[in-house]
Amino acid sequence: MTIETVSLNRSYGGTQGVYKHASRATATTMTFSVYLPPQAEKGVTLPVVWYLSGLTCTHANVTEKGEFRRACAELGLIFVAPDTSPRGDGVPGDPAGAYDFGLGAGFYVDATQPPFAQHYRMWSYVTEELPAVIAEHFPADRTRQSILGHSMGGHGALTIALRLPDRYRAVSAFAPIVAPSQVPWGIKALGGYLGDDRKAWRRHDAVALIDDGARVSDLLVDVGNADQFLTQQLRPELLEQACTKAGIPLTLRRSDGYDHSYYFISTFMDDHLRWHAARLKV
């Protein structure tokens, strides 16, 4: 699995890299970023934190605005940020050109519906192919992994951790879409990628997964009370209800004045990374 280095930059004693490779899962070229903390130069394997981005984003949003490197350098965490969808010539987007489906909006599922099934295989890419690439090319400890994300990426992080609880020691989210089967963004995406069978949607819906018996040890979720998507698209109260019923410890923090932007994410990123480090036994 060959990768090409796009850029390397020194930061907090470590190295921020951007890379690309030919993906078998998506049949496209995919770009991702990896921050290696200074501890990587000691020849030891290090725990990995996966970060999944939201609608319209690429790897670059969190890489440039997430403010994660200081904490990762201190704690010895590798930070991996994939793209949010396949891209390139011949990759279909939303027929009407909307931002919430298609390019930049893969929703971390393997599409089954034409014309998206050929390329939109983000579940396989994020959970199978890219982890193998990271393990081959970077000093990653595959026994110590965790995952977090924002918005659509929060949805991805929650559903991946709930379905693969033995792989990820921790999961958290910023402003996640917790019940996509019940909100406009999710209904559009899951219907477009997976078809009309709502039973298939449940495997990509955190609240439905918890209702169906999936469990994680605990959760940390941050939302801003000034988030313009809070009441219609995010619905954190549904996750709170599901966790209470299932007995999953949930720390749900609602902060006044914060919106859906990276100003919000960067404010609480340090808290999340330290929460993950404690569970990764750093």
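This is a tour of a predicted model, going from the sheet to the helices on it and then to single residues.

**The sheet**

Start by selecting the strands. They form an open sheet of 9 strands in the order E1-E2-E3-E5-E4-E6-E7-E8-E9, and the pairing is mixed. Strand E1 (4-11) and strand E9 (250-255) are at the edges; each has a single partner strand, so one side of each lacks a neighbour in the sheet. On average, neighbouring strands of this sheet are turned by 20 degrees against each other, direction ignored.

Beyond E7, show strand E8 (residues 219-224), which pairs with E7 in the parallel sense over 3 bridges. Ala 173 stands opposite Val 221 in E8. How many residues of E7 are buried? Of its 7 residues, 6 are, and the strand is mostly covered.

**Helices on the sheet**

Select helix H3, residues 122-137. This helix lies across strand E2 (14-22), E3, E4, E5 and E6, and runs at about 55 degrees to E3. Then select helix H10 (residues 262-279), which packs on the sheet and touches E4, E5, E6, E7, E8 and E9. The direction of H10 makes about 165 degrees with that of E7.

**Two buried residues**

Zoom to Ala 81 in strand E5 (residues 78-82). Its relative accessibility is 0%, so Ala 81 counts as buried. Leaving out residues up to four places away in sequence, Ala 81 touches Phe 32, Ser 33, Tyr 51, His 59, Val 62 and Thr 63. For a distance check, draw a line from Ala 81 to Leu 55: the two are 26 residues apart in sequence and 14 Å apart in space, C-alpha to C-alpha.

Move to Gln 39, in the loop between strand E3 (29-36) and strand E4 (46-52). Is Gln 39 buried or exposed? Its relative accessibility is 19%, and buried means under 20%, so Gln 39 counts as buried. Neighbours within four places in sequence aside, Gln 39 is in contact with Val 44, Leu 46, Ala 73, Glu 74, Leu 75 and Gly 76.

**Aromatic rings**

Show the aromatic side chains; the structure holds 15 aromatic pairs. Pick Tyr 19 and Phe 138. Their ring centres are 5.2 Å apart and their planes stand at 70 degrees, so the pair is edge-to-face. Tyr 19 is in strand E2 and Phe 138 in the loop between H3 and E6, so this pair ties together parts that are 119 residues apart in sequence.

Go on to Tyr 258 and Phe 264. With centres 6.4 Å apart and planes at 50 degrees, this pair is tilted. Tyr 258 is partly exposed, at 29% relative accessible area, whereas Phe 264 is buried, at 0% relative accessibility.

Next select Tyr 35, Tyr 51, Phe 68 and Phe 79, which form one aromatic cluster. Tyr 51 was also among the contacts of Ala 81. The charged end of Arg 69 sits over the ring of Phe 68, 4.7 Å from its centre. For another arginine over a ring, select Arg 163, which lies over the face of Trp 123 at 3.9 Å from the ring centre.

**Backbone details**

Finish with the backbone. Pro 114 and Pro 115 are joined by a cis peptide bond, with omega about 0 degrees; Pro 115 is in the loop between E5 and H3.

Thr 56, in the loop between E4 and helix H1 (59-65), has a positive phi, near 75 degrees, without being a glycine. Thr 56 is exposed, with a relative accessible area of 51%. Ala 175, in the loop between E7 and helix H5 (184-194), also is not a glycine and has a positive phi of about 45 degrees. Ala 175 counts as buried, at 0% relative accessibility.

Technical notes:
Residues are numbered from 1 along each chain as its sequence is written. This is a predicted model: local features need pLDDT of at least 70, side-chain atom pairs count only at pLDDT 80 or more; totals for chains, interfaces and linings use all residues. Side-chain values use heavy atoms; hydrogens and water are left out. Helices (H or I, at least four residues) and strands (E, at least two) are DSSP runs, numbered from the N terminus. Buried means under 20% relative accessible area, exposed over 50%, partly exposed in between (1.4 Å probe, protein chains only). Contact means heavy atoms within 4.5 Å. Two strands pair if DSSP finds at least two bridges between them. Axes are lines fitted to C-alpha atoms, for helices over the stretch in contact, and angles run from 0 to 180 degrees between N-to-C directions. Rings of Phe, Tyr and Trp (its six-membered ring) pair if their centres lie within 6.5 Å; planes under 30 degrees apart count as stacked, over 60 as edge-to-face and the rest as tilted. A charge sits over a ring if NZ of Lys or CZ of Arg is within 6 Å of the ring centre and within 35 degrees of the ring normal.
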